[in-house]
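Please read the briefing below alongside the sequence and the model.

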Amino acid sequence: MSHPTGRRLAHWAPALTLAALVLLVAACSPDQYPQTTLRPRADYARDADAIFRLTLGWATVVFVLVEGALLFALYRFRNRPGAADPVQSHGNTTLEIVWTIIPAFILAMIAVPTVRTIFKTATKPGPEALQVEVIGHQWWWEFRYPQLGITTAGELMVPSGRTVNLEMTTGDVLHSFWLPQFAGKRDVFPNRYNNLWFKAEVEGNFPAQCVEFCGIQHGRMAYRIVSMKPEAFDAWAANFNQPPRDFSADTAANPLVKQGQALFQAKGCVGCHSLYPALPLIGPNLHHVGSRSHIAAGTLENTDENLAKWIQNPQAWKEGVLMPNLGLKDDEVHALVAYLRANQ
Amino acid sequence: MATTAIEQTPAHSVEATGLWSWITTVDHKRIGILYGATAFLFFLLGGIEALVIRLQLAQPNSTLVSPDTYNQLFTMHGTTMIFLGVMPLSAMYFNFLIPLQLGARDVAFPRLNAFSYWVFLLGGLLINVSWLFGAAPNGGWFGYANLTTKQFSPGMNIDFWTVGLQILGVASLAAAVNFFVTTVNLRAPGMKMMQMPMFVWMSFITQILLLLSFPIITVALVLLMIDRTFGTHFFVPSGGGDPILWQHLFWLFGHPEVYILILPSFGIVSEILPVFSRKPLFGYAAMVFSGVFIAFVGFGVWAHHMFATGMGPFADAFFSLATMIIAIPTGVKIFNWIGTMWGGRIEFKTAMLFAIGFLGMFIMGGLSGVMHASPPADLQQTDTYFIVAHFHYVLFGGAIFALTGGAYYWWPKMFGRMLDESLGKVHFWLMMIGFNLTFFPMHILGLNGMPRRVYTYSEESNFKLLNQLETLGSLILAVSFLVFMYNIWKTWRIKATAPADPWNGATLEWSIPSPPQVFNFPALPQVSTRDALWEMKRAAGGSVPEPQRVSGKGIHMPNPSFYPLVAAIGVTVTLGGFIGGSHLPVHIAGVAILLFGVYSWAFEPA
């Protein structure tokens, strides 16, 4: 006698499955996911997406046919009272050949565009591209623009409509740089450079994160990709290339800002964080950090509250991060926040 | 009948009981049960690790566990499930079934067999002892250099990992030698290779894969271990080493490893489907050759795990095409399994439900695998939850479903009791629902930007809803295992009176009592066809009588021995001396124990 729970479960299974499917479909829409790969917004990403949709299409066809055959067989050949003994067939050579050739053909339909796209995306862009050097660190990303003499961190600023060429490496362990909206990903190695390029089609501020396990804070090693119109990018670069403002000599400056500037030296921040546009140190470059959209490697919105929280106790948000707790008092933190905010 | 000069001692004619008889057993059936029970416990441990992971991921910015604990959890979950779960569960079936299906009395090297088990147990315990030190491995199950070098992983975590896996490797290699030789040399009189049960064929191919791939991971682990312990620079860039060397070595092992994980399950399903469809396996020769092809080509696809490393377009294209080619024999197997059921008379016993579930889920996992065979698409998918979805569909939906089906199928043979069919169906449906609810949404999360191996995610990402569904699914999965364990407990209390052949089986293990006597067959069977038992039944007019238990007088079985365990302890202590640096006294003690164990083993009477 079949177990009542078993029967009830099997009875409800279709309804439950339907409910789950409805939820899944609702959760499917890519537009609610800012890191989605399904809304390509650059040439490279479109090529990758085209291959994805091709393989998804064939996979769906095969899925429907094969799972359909399975379900049909289960229904049609289930044991029923009075059923005859089945024919003891051992195989069929023709069938074996047919169902070897057809999948081979389908795979060829995927293989040809694949190989074409591999070679297309492997071709490095020409000299008109904007060059960016991307350096992974535990647990933040550094961006250098050799043509512009700029070093920054946390946010990759790029012009839309112009090819950007990324030459990427790491200063410690393996990481992986990913632009889900614009290009795929590439792992970064300590002893060489890997290359990725793309031409953004839209402007916007997009989230992304490291995709190669790199230690304790791999989960909070994020960054932003900020695409802007070429004129806006040029303006950003020109503004960035200004030396850091010295508030100590400025009589009109907020005293809190001046105090912050003094603390930035006195408390040793300057030992790890450069404020100069072209100078990298062991920590993220903080030039114009005041106007970045995010801090703490793309994991916190750049509000005064978050900046204070981060400076007060970085270990609380990102345990194991290389920035120590400096044991700062509240008023010292406020001053530093004001100073960094003024640095735009 | 004249007795032979070597009389059986009374201890062998009756099944010995008690703890000492299990510690000294060299009987493949007992060793199989030891493997199964131990592996199941490790599997539950891996499952608990997964549940904690799922609870942590149920909320954005959760602080249920610290980042380091999380990294230890996912590393140990993967390592446990692969090396302490699926592989030894497959070993349970190799052990129990291969001699029986071949019509043999035991494996070729019974004491080596026991040695493999003890090494597995000790290795598994050693790697888990790390939890007590708060230093469980935390570099991922794949342990990529240069994160795992001493500079970036200064603690003992990675030492436990390299040492533990080397010990487990010894177990796997010893077992592979054993089953390889058993299959080649100990088949029943008349049984040709192309007449062996499909489970034995798939296991045979698995042993070859083990023999060829485990040395590679051993080399990789030794190189990493000496980098960490003696300051060599194989993977340290500042010394001229290259982290990518680790990836090549690891995946040269790692890809054949996934076929090691799945081929035994292919074999199990190939046993269950014909019996419950009442017709033979469709396309036996095609199944053998596709298995051989998969194993062979499986050594040529390793760098599809490395598409994001920038190997260049020619390497990417080669490995992409090789990976797609492997899909062809895999498809052939799937079609032959459907062909087995086609035109049959299908009985939906629990074992059959799991075999069908395997088929349905493995098809899905295989298709997502083909999707990442293409580098341009894979460069979005790799290192995201899309990959996590893929391999759970093939390893859980594939291997675990098949291994579970095998349990329901062979339980009566192993223990003389049937598992309850109704509870079995509850188990199956809960597992189907829980499994799909847990792992299907991962496809969506991966494509929408959720990376792997992250201990949390932001509110802004919107990953919360699907993660919560997955956590709910994992809880349903946990309940399904509770039902299974209840089934085992409930039916254990019945007396062992299961018939020899409850399912109308096709293979020789069903021709002897349940559970079998220590010598397996009173007289070695004479075989001339596939599906030997179906043939015997046909020849006898449709059925054979219930086999009776006999005295077994005159049959010499190998003596039990304590020395495989001693030797296993020797191996563990010797290698364990590398944890936290090289400790010479520990190495010396270990070698001394090992030499004592091996010497005694070599000179004791067989």
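**Backbone, domains and packing**

B:Arg278 is found in the loop that runs between α8 (243-277) and α9 (284-297) of chain B; helices (H or I, at least four residues) and strands (E, at least two) are DSSP runs, numbered from the N terminus. The model is predicted, so local features need pLDDT of at least 70 and side-chain atom pairs count only at pLDDT 80 or more, while totals for chains, interfaces and linings use all residues. Residues are numbered from 1 along each chain as its sequence is written, chains are lettered from A and ligands numbered from 1 in the order in which they are written, and side-chain values use heavy atoms, with hydrogens and water left out.

**Backbone geometry**

- B:Arg278 has a phi near 60 degrees, which is a positive value in a residue other than glycine.
- In chain A, the peptide bond from A:Gln138 to A:Trp139 is cis, with omega near 0 degrees; A:Trp139 sits in the loop between β1 (130-137) and β2 (140-145) of chain A.
- In chain B, B:Ala145 and B:Asn146 are joined by a cis peptide bond with omega of about 5 degrees; B:Asn146 belongs to the loop between α5 and α6 (157-185) of chain B.

**Contact between the chains**

- Chain A contributes 99 residues to the contact and chain B 102, where contact means heavy atoms within 4.5 Å.
- About 8200 Å² is buried between chain A and chain B, 69% of it on carbon and sulfur atoms; buried area is the accessible area (1.4 Å probe) that two parts lose on being put together, summed over both.
- On the chain A side, A:Phe77, A:Trp99 and A:Phe213 lose the most area to chain B, together 9% of what that side buries.

**Domains of chain A**

- Chain A is split into domain 1 (34-69 + 97-241) and domain 2 (255-342), with bounds from an automatic or database domain assignment.
- The centres of domain 1 and domain 2 of chain A, taken over C-alpha atoms, are 30 Å apart.
- In chain A, 22 residues of domain 1 touch 23 residues of domain 2, and about 1900 Å² is buried between these domains, with 56% from carbon and sulfur atoms.
- A:Trp140, A:Arg220 and A:Phe240 supply 31% of the area that domain 1 of chain A buries against domain 2 of chain A, more than any other three residues.

**Domains of chain B**

- Chain B has domain 1 (28-543) and domain 2 (561-606), and their centres, taken over C-alpha atoms, are separated by 29 Å.
- In chain B, 18 residues of domain 1 are in contact with 17 residues of domain 2.
- The area buried between domain 1 and domain 2 of chain B is about 1600 Å², of which carbon and sulfur atoms give 83%.
- B:Arg111, B:Phe115 and B:Leu122 supply 36% of the area on the domain 1 side of chain B, more than any other three residues.

**Helix packing in chain B**

- The axes of α3 (residues 28-56) and α4 (residues 67-102) of chain B come within 7 Å and cross at roughly 155 degrees; axes are lines fitted to C-alpha atoms, for helices over the stretch in contact, and angles run from 0 to 180 degrees between N-to-C directions.
- α3(B) and α4(B) are therefore roughly antiparallel to each other.
- α3(B) and α5(B) (residues 110-129) pack at about 15 degrees, with axes 10 Å apart, and are therefore roughly parallel to each other; angles under 35 degrees count as roughly parallel, over 145 as roughly antiparallel, 65 to 115 as roughly perpendicular and the rest as oblique.
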